[in-house]
Amino acid sequence: MFIMGYGENDFYDVRDSEQDEDGLIEAPLIPLRDLVVYPNMVTPLFVERESSLLAIQAAQAEGRTVIGAAQLDPNIAIPTPGDLHLLGTEIAMGRVMRMPDGTVSVLAQGRRRVEIVEFLSSKPFMRVRARPIEEDSDKAISRQMQAHMRAVLALFEKCVHLNHNISEEAYVYALNIDEPGWLADAIASTLNLSLAERQTILGLINPAERLRKVGVFLGRELDVLQLEDEIQMQVQQEVDRGQREMLLREQMRVIQSELGEIDVFQQEMSDLEQQIAQSDMPDEIAEKARKELGRLTFLSPMAPEVGVIRTYLDWLLSLPWQHTSEDNLDIAHASAVLDSEHYGLPKAKERVLEHIAVRKIAPDKVKSPVLCFVGPPGTGKTSLGRSIAAALGREFIRVSLGGVRDEAEIRGHRRTYIGAMPGRIVQTMRRVKTVNPVFMLDEVDKLGQDFRGDPAAALLEVLDPEQNHAYSDHYLEVPYDLSRVMFVTTANYLDPLPPALLDRLEVIEFSGYTEEDKLAIARKFLLPKQYEAHGLTGLHIQFEQEALQKTIREYTYEAGVRNLDREIANICRKIARRVAEGKKHPHRIQAGALDRYLGPPRFDHIHAEEHDQIGVACGVAWTEAGGDIMVVEAALMPGKGELQLTGQLGEVMRESCQAALTYIRSRAAELGIDPSRFDETDIHIHVPEGAIPKDGPSAGITMTVALVSAFTRRPVRRDAAMSGEITLRGRVLPVGGVREKLLTAHRAGLRLFLLPTRNKSDLQDIPRRVLKDLELVLIDHVDAVLEKVLLPAVDSEDGGDDEPDAADDPGEGEEVQAATEEGASAGR
């Protein structure tokens, strides 16, 4: 920045330093911080260094000039010659004024550019020799230069107009300059340039180049100023619009007041205040709502916070806080409702009736249970929750948690986020409008987790009766009472559930239905439902028992009845089409007609082996569909004692094979096996249906029986099945899935089932008909298994171990059959 109003008279007594014979001048040096002084420009210098003040005093005493050079780094307190630019300006010093803060202000006028050649001394101040740089002083300015000067002046005029920090006098001063170099220096001294850019202008000796560079800086400055002006205009327009709206609304309020009308916004505030007063929310929450309403009252209707606060108040007012639906505590009614809609499921029904009974006796002390129905798909878990609500006379609401990965889906988002809303729990309570519904959390085992949190952890507070009386949702930020809600969760497996969540659940297992159960369900529920759904109610269509059995056995493979319902619907649709076309339709569905309605059978009905065989034992496996027969085959071949396992067996099942073989080798003498045969015989154990992965320890005794049968040539009873884990000492350990395994053996027509003694407690859940038809033998040791299922040995014609099994030879089948019947009679 330069100062107008000072001319040559202010510096008349200051002479330029005289040049010696080499054309050099000698003068004191003043280091300049973040400042460049241009020739012909007048600017104040604020002097803080004692050395600089001494240099100025010495120059004024001699009536001479000083040399000013900019520092490379303005932060250096005591610069050395290496810290200065070598291109500077010869400066004449004028009046000296001492400021209140102790600094000295000196009026300085730039005279000419100089190049420092030599530093003579540094104490008490720097003294240098420099070469003056003379500019071209051609009086005749070319037309191109004149055009360039006019263009620079035009840009400078626009900058002065947009930049209020540049006075109009600066433009007038520049307008009266007729030299291009001087004009460039004058304009550069007014622009907001960096130290490096100002030094660049000082270093350009050619006036045309200097003017061109200043024009570039002016263009850049003009772009920035225009952008700032646009931003200011936009801001001003927004402010003016807001003020205009405020003025108009105030005028409207006054006019409405004069006409006796009420402001719409004020009417809404009054309505909200009345709703809060009439609501049933607790005092603490009502106080929170009134506080938010007070904030809303002081805001402008167009403020962004208005919508956020209004939405929050709507959520508080629309939630049920005290409203309950009256419970129906008639136990007989509840039992009738449950039995009319679901077949079987005694444990779940009994638990609900017990809860009703306790509520009837001690209504104020009982806590709502948190049930977890676990079982295969299609066993009625979700529909039973609806029946529980109907039995209690409560509202029913269901939320599916399958695929939920965000913790905020359960607990909601905080109100600081745009579009925030409560979690699914609070949203559902708002829809149901009562505080004591039957709330079903479906597929709780399908919850996921990622970087957004763990939804299963968020459920811990929801499903804990000790905590959910003050459930905290991130959006509401007030406690909400969930203690009167009866939560029911469903899952297919318990393994994915975290231990902390599982500890809060009362698990009720839903086992697969037996064939008899499915027949009863089809007769009582599925057939009437499908007749009504397809318009066949009045046509007296009947399914024969054999047709339903064949549909269950050969067209479905499941623990529940969902696919059975689907197949019955397929048959009803085909009948409905014939009715709609006016054609003759069947009134009785027979088993032989199922191929025409449903196509060829999709599954083979499980059944026992047809003959007693050597090296073949029958086991039973638990599956998602309930259970299945698992045959274990053992074959011996001359070799080197290697063991080969096939059938896609898992690691645990392979270890069971190793344990079974080790036990047989350790008891070879007692079993009548020559120990040397193990080193001369290769063993191959195979479990058919190799495309299906198999694993688990429960086939241990089955593999042991198959191996002993192969080594001793003793056939295994075809009507016997077994399940149990084996140890190296021959002990039989308990297994899981007992109910499913016994039902599978019963469906397959087996007569004998060997089960570990420690599984005796699991027999309470087995249907009586199954226990009556099966001969159950409880065992603790493998010796009891071998004694029960192995028949007398059958020798081959030449006594070799590599001959086909006797049961596979047509000529020897009758002998084995006779031996089987004899052994079975002895076993029974």
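## L202 and its surroundings

Apart from its neighbours within four places in sequence, L202 is in contact (heavy atoms within 4.5 Å) with V36, V37, Y38, P39, L87, G88, T89 and R113. The model is a predicted one, in which local features need pLDDT of at least 70 and side-chain atom pairs count only at pLDDT 80 or more, while totals for chains, interfaces and linings use all residues. Residues are numbered from 1 along each chain as its sequence is written, and side-chain values use heavy atoms, with hydrogens and water left out.

L202 belongs to helix α5, residues 195–203, where helices (H or I, at least four residues) and strands (E, at least two) are DSSP runs numbered from the N terminus. With a relative accessible area of 2%, L202 is buried; buried means under 20% relative accessible area, exposed over 50%, and partly exposed in between, for a 1.4 Å probe and protein chains only.

## Helix α17: kink and burial

Helix α17, which spans residues 515–533, has a kink of about 50° centred on A522, the bend at a residue being the angle between axes fitted to the seven residues ending there and the seven starting there. A522 is itself among the buried residues of this helix, together with E515, D517, K518, L519, I521, F525, L526, L527, Q530 and Y531. The elements that cover these buried residues include α10 (331–341), β14 (542–543), α18 (545–554), α19 (562–580) and α25 (738–747). After α17 comes G535, with a positive phi near 70°.

The axes of α17 and α18 come within 10 Å of each other and cross at roughly 115°; axes are lines fitted to C-alpha atoms, for helices over the stretch in contact, and angles run from 0 to 180 degrees between N-to-C directions. The two helices are therefore roughly perpendicular to each other, given that angles under 35 degrees count as roughly parallel, over 145 as roughly antiparallel, 65 to 115 as roughly perpendicular and the rest as oblique. On the α17 side, E515, K518, L519, A522, R523 and L527 meet Q545, L548, Q549, I552 and R553 of α18. These contact residues divide into five nonpolar, two polar and four charged, where Ala, Val, Leu, Ile, Met, Phe, Trp, Tyr, Cys and Pro count as nonpolar, Asp, Glu, Lys and Arg as charged, and the others, Gly among them, as polar.

## Two antiparallel helix pairs

Helix α10, one of the elements covering the buried residues of α17, also packs with helix α12 (residues 381–392), their axes coming within 9 Å and crossing at roughly 150°, and α10 and α12 are therefore roughly antiparallel. In this contact H333, A334, V337, L338 and E341 of α10 meet L384, S387, I388, A390 and A391 of α12, and by class there are seven nonpolar, two polar and one charged residues.

Helix α2 (residues 143–162) and helix α3 (residues 168–175) pack at an angle of about 170°, with their axes 9 Å apart, and these helices are therefore roughly antiparallel to each other as well. Here L153, F156, E157 and V160 in α2 meet E168, A170, Y171, A174 and L175 in α3. The contact of α2 with α3 has seven nonpolar, two charged and no polar residues.

## Backbone features in loops

Most residues other than glycine have a negative phi, and most peptide bonds are trans. The bond from K123 to P124, however, is cis, with omega near -5°, and P124 lies in the loop between β5 (104–121) and β6 (127–133).

Positive phi values occur at L345, near 50°, and at K433, about 65°, neither residue being a glycine. L345 lies in the loop between α10 and α11 (346–361) and counts as buried at 12% relative accessibility. K433, by contrast, counts as exposed at 54% relative accessibility and is found in the loop between α14 (424–432) and β9 (438–442).

A further loop position is S676, between α22 (668–671) and α23 (677–680), which counts as partly exposed at 32% relative accessibility. S676 and G641 are 35 residues apart in sequence and 9.7 Å apart in space, C-alpha to C-alpha.
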